[in-house]
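Please read this briefing alongside the sequence and the coordinates. It moves from the whole chain to the sheet, and then to single residues.

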Amino acid sequence: MSQKTLVIVPTYNERDNLPSLAERIIAQPAVVEMLVVDDNSPDGTGKLADEIASKSPLVHVLHRQEKNGLGRAYVAGFQWALQRDYEFIFEMDGDFSHDPNDIPIFLKAAQDADLVLGSRYSNGIRVINWPLRRLMLSMSAGKYVRLVTGMPFSDPTGGYKCFRRRALLSVELDAVRSNGYSFQIEMTHKIWRQGMKIVEVPITFTDRFQGSSKMSSKIVREAFLMVWRLLLQNNLRRRPRRKK
């Protein structure tokens, strides 16, 4: 069985972060490849990614013509990965809010799981550089998701994840239409409701020091409504379906 690992990093104006992030990802103890999914960044991130890829066979670049959401970027990255022989497929932010040094922890947990979630709130709160209002919004969103959907995870809106290949193959990716927080919730729910095994590992989240946050009120509203749609898709069950 293939043990190839790919870290998908969507980018939009991440030129300042990309070189050092790529260096740290491919320097991991295990062989880890990186896919930059760039949404035609006006600051030249895509061109810089091509330059990095030309110097390292472990770095790949997927160019998209327009910026139409984090979810669409990840779906494009997942489809690229599934067309190749990758077993472990990561989501990671491009702004260093997710620590590449946590990759081995995810890979160890993924040996016996279908999806590994990085949790900011498992056994305590590990968030750096967030204002209290943002922290309370995130924690409240997690409680709301658990209440409506029944998913027991401490951090269902987090974006640092490792999927096994079989988990992504179980999801009809072209039918996933959400973005932002709601994309993270939707992907986890689609896998959880099938009865696949999901585990959490604790991470420390550090908010970006360079660039600007992609958070918006539209993203929050989308996530608020998404959980009810997921509940309906699961026939109002707040538990996984029984495996046949």
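This is a predicted model: local features need pLDDT of at least 70, side-chain atom pairs count only at pLDDT 80 or more; totals for chains, interfaces and linings use all residues.

Residues are numbered from 1 along each chain as its sequence is written, and side-chain values use heavy atoms, with hydrogens and water left out. The protein chain holds eight helices and nine strands, where helices (H or I, at least four residues) and strands (E, at least two) are DSSP runs numbered from the N terminus.

**The chain as a whole**

- The radius of gyration, taken over C-alpha atoms, is 17 Å, close to the 18 Å of the globule rule (2.2 Å times the number of residues to the power 0.38) for 244 residues, so the chain is as compact as a globular protein of that length.
- Along its principal axes, the C-alpha trace spans about 50 × 45 × 35 Å.
- Of the 244 residues, 54% are buried, a class that means under 20% relative accessible area, with exposed meaning over 50% and partly exposed lying in between (1.4 Å probe, protein chains only).
- The accessible surface comes to about 11,500 Å², and 54% of this surface belongs to carbon and sulfur atoms; such areas come from the Shrake-Rupley method with a 1.4 Å probe, and for residues only the protein chains shown count as cover.
- Among contacts (heavy atoms within 4.5 Å) with a separation of 6 or more, 81% are between residues 24 or more positions apart.

**The sheet and the helices across it**

- Seven strands form an open sheet with mixed pairing in the order 3-2-1-4-7-5-8, two strands being paired if DSSP finds at least two bridges between them.
- Strand 3 (59–63) and strand 8 (198–202) stand at the edges with a single partner strand each, so one side of each is left without a neighbour in the sheet.
- Neighbouring strands of this sheet are turned by 20 degrees against each other on average, direction ignored.
- Helix 1 (residues 18–26) lies across strand 1 (5–11), strand 2 and strand 3, and runs at about 150 degrees to strand 2; here axes are lines fitted to C-alpha atoms, for helices over the stretch in contact, and angles run from 0 to 180 degrees between N-to-C directions.
- Helix 3 (residues 70–82) lies across strand 1, strand 2, strand 3, strand 4 (88–91) and strand 7, and its angle to strand 1 is about 150 degrees.

**Strand 2**

- Strand 2 (residues 32–38) runs parallel to strand 3, to which it is joined by five bridges, and methionine 34 has valine 59 as its bridge partner there.
- Seven bridges join strand 2 to strand 1, again in parallel, and in this pairing threonine 5 is partnered by valine 32.
- In a regular strand the side chains alternate between the two faces of the sheet.

**Strand 5**

- Leu115, Leu117 and Ser119 point one way from strand 5 (residues 115–119), while Val116 and Gly118 point the other way, and all are buried.
- Strand 5 pairs with strand 7 in the antiparallel sense over three bridges, with leucine 115 opposite phenylalanine 163.
- Five bridges join strand 5 to strand 8 in parallel, and the partner of glycine 118 in strand 8 is valine 201.

**Two buried loop residues and one in a helix**

- Serine 154 lies in the loop between helix 5 (132–149) and strand 7 (161–164) and is buried, with a relative accessible area of 19%.
- The side chain of serine 154 makes a polar contact with the side chain of serine 119 at 2.6 Å; such a contact is a pair of N or O atoms within 3.5 Å, and within protein one must be able to donate a hydrogen and the other to accept it, with residues adjacent in sequence counting only if both atoms are side-chain atoms.
- Leaving aside neighbours within four places in sequence, serine 154 is in contact with Ser119, Tyr121, Ser122, Arg146 and Glu200.
- Asparagine 179, in the loop between helix 6 (165–169) and helix 7 (180–192), counts as buried at 18% relative accessibility.
- A polar atom of the asparagine 179 side chain lies 2.6 Å from the backbone nitrogen of glycine 71.
- Leucine 137 lies in helix 5 and is partly exposed, with a relative accessible area of 34%.
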